[in-house]
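Let's walk through this protein together, one feature at a time. Keep the picture beside you and look for each residue as it comes up.

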Amino acid sequence: MGQNSKGKKVSPLTKQDLDVIKYEVEKEFKVSLKSKSRLSKNVDARRVFVALVLNIYNKVQGTLGTSKMVTLMALAKYLRYKSHASIWLMIANKRKGNITLEEYLMRDLPLREKYLRLREKIEHVNTPSFRKFLLLRREE
């Protein structure tokens with residue numbers, strides 16, 4: 001791999017969590033996140049996935065006091081990007097008007113509905129840990 005691909009990989013337990021989130025996003029958008037397609041449907045799905053991981057998953061892990069936070073580099077490796085710059089561009093793209101990724105997703109009505117529906121599915125609601133919630137989702 002290239003020079004930009006240095007950094008920690010996602011741990012096996014965190015990878016399982018990301019796989020569940022990825023599954024939910026792919027099911028909602030009917031696309032593959034690991035596809036290199038630049039169609040807006042695929043790009044929107046990747047943006048929603050990144051927002052869910054960075055804004056919801058990491059927030060839940062932080063409140064639980066675990067060390068399973070996902071870094072930009074680990075997320076880039078998970079999505080098979082060469083570096084974290086691709087993830088960073090989704091978060092801080094000046095063409096979006098210097099707004100957060102979540103604000104960007106909330107501006108488009110159909111995209112907002114999908115994002116909120118997915119956020120609700122993975123948000124930490126009345127469960128002792130995110131892991132138990134994800135395991136219950138897998139069993140459905």
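## Salt bridges

Asp44 and Arg47 join their side chains in a salt bridge, with 3.8 Å from N to O. A salt bridge here is a side-chain nitrogen of Lys or Arg within 4 Å of a carboxyl oxygen of Asp or Glu. Because Asp44 and Arg47 are three residues apart in helix H2, about one helical turn separates them. Both Asp44 and Arg47 are buried; buried means under 20% relative accessible area, exposed means over 50%, and partly exposed is in between (1.4 Å probe, protein chains only). Side chains of opposite charge can pair when their charged atoms come close.

How many salt bridges does the structure hold? There are seven. One of them connects Lys22 with Glu26, whose closest N and O atoms are 3.4 Å apart. Both residues belong to helix H1, where they are four residues apart, about one turn of the helix. Lys22 and Glu26 are both buried. Helix H1 also holds Lys27 and Glu24, three residues apart, and these two form a salt bridge with 3.9 Å between the closest N and O atoms.

## The model and its overall plan

This is a predicted model, in which local features need pLDDT of at least 70 and side-chain atom pairs count only at pLDDT 80 or more, while totals for chains, interfaces and linings use all residues. Residues are numbered from 1 along each chain as its sequence is written, and side-chain values use heavy atoms, leaving out hydrogens and water.

The protein has seven helices and zero strands, so its pattern along the sequence reads α-α-α-α-α-α-α. Helices (H or I, at least four residues) and strands (E, at least two) are DSSP runs, numbered from the N terminus. Of the 140 residues in the protein, 42% are buried. The protein exposes about 8,500 Å², and carbon and sulfur atoms supply 55% of that area; accessible areas come from the Shrake-Rupley method with a 1.4 Å probe, and for residues only the protein chains shown count as cover. A contact means heavy atoms within 4.5 Å. Among contacts with a separation of 6 or more, 59% are between residues 24 or more positions apart.

## The nonpolar core

Which residues have the most contacts inside the largest nonpolar core? They are Ile21, Val25, Phe29, Val48, Phe49, Leu52 and Leu79, in a core of 31 residues. Helices H1 (12–29), H2 (40–64), H3 (72–78), H4 (85–91), H5 (101–107) and H6 (109–122) each supply at least two residues of this core. H2 gives the most, with nine residues. A nonpolar core is a set of buried Ala, Val, Leu, Ile, Met, Phe, Trp, Tyr and Cys residues joined through side-chain atoms within 4.5 Å. In soluble globular proteins, nonpolar side chains tend to be buried together.

Take Phe29 as an example. Leaving aside neighbours within four places in sequence, Phe29 is in contact with Lys41, Asp44, Ala45, Val48, Leu111, Lys114 and Leu118.

## Aromatic rings and charges

A search of the whole structure finds one aromatic pair. Phe49 and Tyr78 form this stacked pair, 5.9 Å centre to centre with 20° between the planes. The pair links distant parts of the chain, as Phe49 is in helix H2 and Tyr78 is in helix H3, 29 residues apart. Rings of Phe, Tyr and Trp (its six-membered ring) pair if their centres lie within 6.5 Å; planes under 30 degrees apart count as stacked, over 60 as edge-to-face and the rest as tilted. Phe49 counts as buried at 0% relative accessibility, and Tyr78 counts as buried at 6%.

Charges also sit over rings here. Lys34 lies over the face of Tyr78, 4.6 Å from the ring centre, and Lys114 lies over the face of Phe29, 4.6 Å from the ring centre. The rule is that NZ of Lys or CZ of Arg is within 6 Å of the ring centre and within 35 degrees of the ring normal.

## Two loop residues

Lys30 lies in the loop between H1 and H2, and its phi is near 60°, a positive value in a residue other than glycine. Lys30 is exposed, with a relative accessible area of 67%. Arg80 lies in the loop between H3 and H4, and its phi is near 65°, also a positive value in a residue other than glycine. Arg80 counts as exposed at 56% relative accessibility.
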